[in-house]
Amino acid sequence: MKANSNSSDTMKVKRAFSKKPPKLIMALGITLVAAILVIAGVIFYQKVHYQNRWYQNTFINDVDVSGQTLEESRKKLLQVHDGYALTIKGREEGHLTIDGDTIDYQFDINSDFEKLFNEQHDQFHLFVSRNNYTLEYAISYDESKLSDLINQSDLVAGSESYPILKPQSATVSYDEAKQQYVCVDEILGNKIISNSLYQAVTDALKKAQSNLDITDSKKYPTIYKAPKITSDNEELQTALSLSNSAALRYIEWNMGEGVKEQITPTEISQWITYKNGKIKYDNEAIADWVENFCLKYKTVGKTRTIKSHNKKPVKIYGGDYGWQLDYEKTLAQAQKAIKLSIDKELTQNYVNDPSEENKKALTLKRKVIYANTAFRKDYKNYINDWDPENYIEISIKEQKVYVIRNGKVAFSCKCITGLPVEGRSTPTGAFFIKEHREAYTLTGADYKTPVTSWVRITWTGTGFHSATWQPWSRWTKDLYLSKGSHGCINLTVADAAKIYKMSKYREATFIH
C-alpha cells in the first residue's frame, strides 16, 4: 500500500516553521521598524514644531519665510517692501522705475496669506524641496498717476536718448556682395503697446515685485508691437526661392578681342518683382539695357577723321558705315534668356556656394547678331573701325573720286555729284559699298534710265554709275551746280568701269 503524499508534504512544512528565522530576515524587519519610527517622528516633529510656523524652504514672492510664524512672516514681507519701487527693464537698454510714493502705492497682507498657511499644513512636506508661493497683496494706488507715468515715460513716448523704433517686417532683398537674394530678418524695434504694459505693471504691483523684465517675449508676448512678417514666414520663403530662380543667371555675349558683355543677377534683380506667388518682369527696363548695349558698340553715324588724298585731315559726319548690333534680335535673345527656366539644383548650388564653377553653370552664352559690320574693332577708340590704308574718297568740292590703296591714291577721276537742291543733293558721310551690277536701271518719279557699272553706296539709291548724257568734254568742278545728278556719282564709261573693278564689297566710302 502506497504512502499518502499529502501527509508527507504537510510534515515538511511544519518542520520548516518549527526552525528559528534567519538573521537576514530579522535584520530587514528591524530596519523596517526603524524607518517607520523615523517617519513617524518626522511627522510628529512637523506637527508639533511647525504647527504655527512655515515649513523649511518656504518662499513667498521670493521672500524666505522658513520657520517663521504668521506674524513674523507678515512683518518681514511688509518690511521687505517698505519704500517699494518697481524697476522695468525694456529693449534697447530702456528702463523705467516706478516709485511707490509717486503713485500713492500702499499694500497689506490679505486673507489669502492665512489661507496659504493652512493649505501648506494640510499637506506633508519634506524640507529638501523648495516651496515657492505667489501671493497677491491687498494693494491700492492712483491709477491715473500710474497711467500718466507709463505713457509719458521714455519707454513709451521715447526721447532723444531713447528713440522709438517701429518694428519692421522681414523682407527678401538682393545682396550685391553675394550676388543673390537673401532674407533680411525682421527688426523687433521697441514700440510698446501701452495698454499691455499697463496690465503687466498692475500685475507686478499686486505681487509687490521689485523687477519686471518685459524683454521676455515668452512671458510678455503682447507688450511690444510685433512685425507683421517674420523670417520663418512661408510666403517670404517662397518669394526668396522664386526671386533667386529668376535672377540667378549670367547672360553673356562674346564681342571679340577678349571683350565680353553680361547681364548679371544684379541687373536682373532691378527688373523683377515678386507678387502673389509670381515673378513680374519690367520689359521696358530690359529694353533700355539692350538699347544701351547696342549703342555702346554702335559706330554707325559717328564722326570720323580721315586723311584725305592730299594728306590733310578731313572730318566725316554721319553715314551708315560701322558696327551696329541688331537691336530687335538682341532684345529677343535677352528676354528669352532672362525668362528661361533653369534647373533648381543649379540655382541652389550657387546660393550655397557662389563659386566660379557654379557661376559658369548658370551662364547662358548668346551669339552676337549684327545688323551691320565694319572692317575692324578697336575697343580703345570705337570709331577706328575702317581700313585707313584702303578706302574710297569722294570730294564734292573738287568733284573728284579717289581710290586709296595701301595709303596712297591708286586711282582718281572726275565726277558729277547731285544737284545741290532739296531731294537731289548727294549725301555726305561714311558709307560702304553694298552691291555691284554690270547693268542697272535708275528709276525715279519722272525717269527710267539704264546704266552700266552700277556700284551702290546707299540703300536710298546713291551709287557710282556711267552717265553718257553728261557733257564730259566741258567738265569743270562747278558743272554739278547746273548739271548735277539726282544724288548719284556720275562717271564716264571708262571711269565707271574702273571704279566697278577696283571697289570692294563693304569697303568704306567717304563723301565730303
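Is H465 buried or exposed? H465 is buried, with a relative accessible area of 1%, where buried means under 20% relative accessible area, exposed over 50% and partly exposed in between, computed with a 1.4 Å probe on protein chains only. The model is predicted, so that local features need pLDDT of at least 70 and side-chain atom pairs count only at pLDDT 80 or more, while totals for chains, interfaces and linings use all residues. Residues are numbered from 1 along each chain as its sequence is written, and side-chain values use heavy atoms, with hydrogens and water left out.

**Overall dimensions**

- The protein chain has 15 helices and 28 strands, taken as DSSP runs (helices H or I, at least four residues; strands E, at least two) and numbered from the N terminus.
- The radius of gyration of the protein chain is 51 Å, whereas a compact globule of 512 residues would have one near 24 Å; the radius is taken over C-alpha atoms, and the globule rule is 2.2 Å times the number of residues to the power 0.38.
- Along its principal axes, the C-alpha trace spans about 160 × 100 × 40 Å.
- Of the 512 residues, 40% count as buried.
- Among contacts with a separation of 6 or more, 67% come from residues 24 or more positions apart, a contact being heavy atoms within 4.5 Å.

- Four strands form an open sheet in the order β24-β25-β26-β27, with mixed pairing; two strands pair if DSSP finds at least two bridges between them.
- The edge strands, each pairing on one side only, are β24 (435-443) and β27 (489-491), and the twist averages 35 degrees from one strand to the next.
- Strand β25 (residues 448-456) pairs with β26 in the antiparallel sense over two bridges, and R456 stands opposite G463 in β26.
- H465 itself is placed in strand β26 (residues 463-466), and, not counting residues up to four places away in sequence, H465 touches residues including L442, W454, C488 and A496.
- Helix α15 (residues 493-502) lies across β24, β25, β26 and β27, running at about 40 degrees to β25; axes are lines fitted to C-alpha atoms, for helices over the stretch in contact, and angles run from 0 to 180 degrees between N-to-C directions.

**T426 in its loop**

- T426, in the loop between β22 (408-414) and β23 (429-432), is buried with a relative accessible area of 8%.
- A polar atom of the T426 side chain lies 2.7 Å from the backbone nitrogen of G418, and a polar atom of that side chain lies 2.9 Å from the backbone oxygen of G487.
- Residues touched by T426, not counting those up to four places away in sequence, include I396, T462, C488 and I511.
- T426 and S129 are 297 residues apart in sequence and 110 Å apart in space, C-alpha to C-alpha.

**Helix α3**

- In α3 (residues 70-80), S73, R74 and L77 are buried.
- Seen down the axis of α3, these buried residues fall within an arc of 105 degrees, so they line one face of the helix; the arc is that of the directions from the helix axis to the C-beta atoms.
- The buried residues of α3 pack against β1 (58-60), β2 (63-64), β5 (106-108) and α4 (112-121), while the face turned away from the buried side carries the exposed residues K75 and Q79.

**The β11 and β12 hairpin**

- Strands β11 (residues 250-256) and β12 (residues 259-263) run antiparallel and are joined by five bridges, with I251 opposite I263 in β12.
- Two residues lie between the strands of this hairpin, where E257 takes a positive phi near 55 degrees.

Key: Polar contact = N/O pair within 3.5 Å; in protein donor to acceptor, adjacent residues only side chain to side chain.
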